[in-house]
Amino acid sequence: MRFAVIAVLGLVVSACSTPPPPIHAGDVCFRCKRVISEPKLGVQLIATGGQISTFRTPGCLARYLKDHPSAAKEILVTDYPTGKLIPVSRALFVHAKIDGNTGERDYYAFAAVNDAVGRAKDVTGRVVDWAAVRSAIESEKLQKTGD
């Protein structure tokens with residue numbers, strides 16, 4: 001009997017911890033509706049109701065959260081070197097050019113400090129946390145509006 005209870009609890013716990021689906025090239029960003037061309041920059045927001053929304057970049061998600069601050073139950077960013085989703089709280093970010101053709105800049109996410117530091121050296125940037133990304137996006141809005 002005890003074994004059966006443990007087995008059922010194990011199934012319930014594993015069912016609740018099902019990872020979100022991977023981000024693919026061709027998916028569409030929830031906020032800007034642009035097609036995701038580089039899945040290794042993608043981000044997923046899990047809402048309090050369990051809905052999963054995919055975003056093109058960490059910056060795009062930060063812009064969304066500026067207008068919807070309580071929308072996220074969990075945020076997963078893609079570790080750029082491995083392509084695996086990790087909790088945003090474990091990630092480090094480097095602001096750099098993400099498109100050589102347009103010059104667009106956004107944030108690369110990294111799980112490992114050495115990877116983040118290496119990228120920062122390559123682009124003459126600096127390593128920041130999620131709070132700094134959010135703050136930069138907020139100040140971007142203020143600079144554009146002149147406030």
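# Reading a predicted protein model

Modeller: Welcome! The protein has four helices and seven strands. Helices (H or I, at least four residues) and strands (E, at least two) are DSSP runs, numbered from the N terminus. This is a predicted model, where local features need pLDDT of at least 70 and side-chain atom pairs count only at pLDDT 80 or more, while totals for chains, interfaces and linings use all residues. Residues are numbered from 1 along each chain as its sequence is written, and side-chain values use heavy atoms, with hydrogens and water left out.

Biologist: In what order do the elements of the protein run from the N terminus on?

Modeller: The order is α-β-β-α-β-β-β-β-α-β-α.

Biologist: What is the mean pLDDT of the protein, and where is confidence lowest and highest?

Modeller: pLDDT is the predictor's confidence in each residue, from 0 to 100. The protein has a mean pLDDT of 87, with 84% of its residues at 70 or more. Confidence is lowest in α1, at a mean of 47, and highest in β7, at 98. Over residues 11-15 pLDDT stays under 50, and the model has zero contacts there beyond four places in sequence. A contact means heavy atoms within 4.5 Å.

Biologist: Thanks! Now, how do I read a sheet?

Modeller: Strands of a sheet pair through backbone hydrogen bonds, either parallel or antiparallel. Two strands count as paired if DSSP finds at least two bridges between them. Here, an open sheet of four strands has the order β2-β1-β3-β4, with antiparallel pairing. Its edge strands are β2 (52-55) and β4 (85-87), each of which pairs on one side only. From one strand to the next, the twist averages 30 degrees. Angles run from 0 to 180 degrees between N-to-C directions, and axes are lines fitted to C-alpha atoms, for helices over the stretch in contact.

Biologist: How many bridges pair β1 and β2?

Modeller: Four bridges, in the antiparallel sense. As an example to find on screen, Gln-44 stands opposite Thr-54 in β2. Helix α2 (residues 58-67) packs on this sheet, touching β1, β2 and β3 (72-78), and its direction makes about 30 degrees with that of β1.

Biologist: Which residues of α2 are buried?

Modeller: First, the term: buried means under 20% relative accessible area, exposed over 50%, and partly exposed in between (1.4 Å probe, protein chains only). The buried residues of α2 are Pro-58, Gly-59, Cys-60, Leu-61, Ala-62, Tyr-64 and Leu-65. Because seven of its ten residues are buried, α2 is largely enclosed by the rest of the structure. Across the protein, buried residues make up 33% of the 147 residues.

Biologist: What does strand β5 pair with?

Modeller: Strand β5 (residues 92-97) pairs with β6 in the antiparallel sense over six bridges. In β6, Tyr-108 is the bridge partner of Val-94, and Phe-110 is that of Leu-92. Two bridges also join β5 to β7, and these strands run antiparallel. There, Phe-93 has Val-128 in β7 as its bridge partner.

Biologist: Why is strand β6 largely enclosed by the rest of the structure?

Modeller: Five of the six residues of β6 (residues 105-110) are buried, so this strand is largely enclosed.

Biologist: How many disulfides does the count come to?

Modeller: A disulfide is a covalent bond between the sulfur atoms of two cysteines. The rule used here is a pair of cysteine sulfur atoms within 2.5 Å, and by this rule the count comes to zero. The sulfur of Cys-32 lies 3.6 Å from the closest cysteine sulfur, in Cys-29, which is too far for a bond. For Cys-60, the closest cysteine sulfur is also in Cys-29, at 3.4 Å, again too far for a bond. Cys-32 is partly exposed, with a relative accessible area of 24%, whereas Cys-60 counts as buried at 2% relative accessibility.

Biologist: Last topic: how do I read phi?

Modeller: Most residues other than glycine have a negative phi, and most peptide bonds are trans. Lys-33 has a positive phi, near 65 degrees. Its place is in the loop between α1 (2-16) and β1 (43-47), and Lys-33 is exposed, with a relative accessible area of 55%. Thr-124 also has a positive phi, near 50 degrees. You will find Thr-124 in the loop between α3 (113-123) and β7 (127-128), where Thr-124 is exposed at a relative accessible area of 73%.
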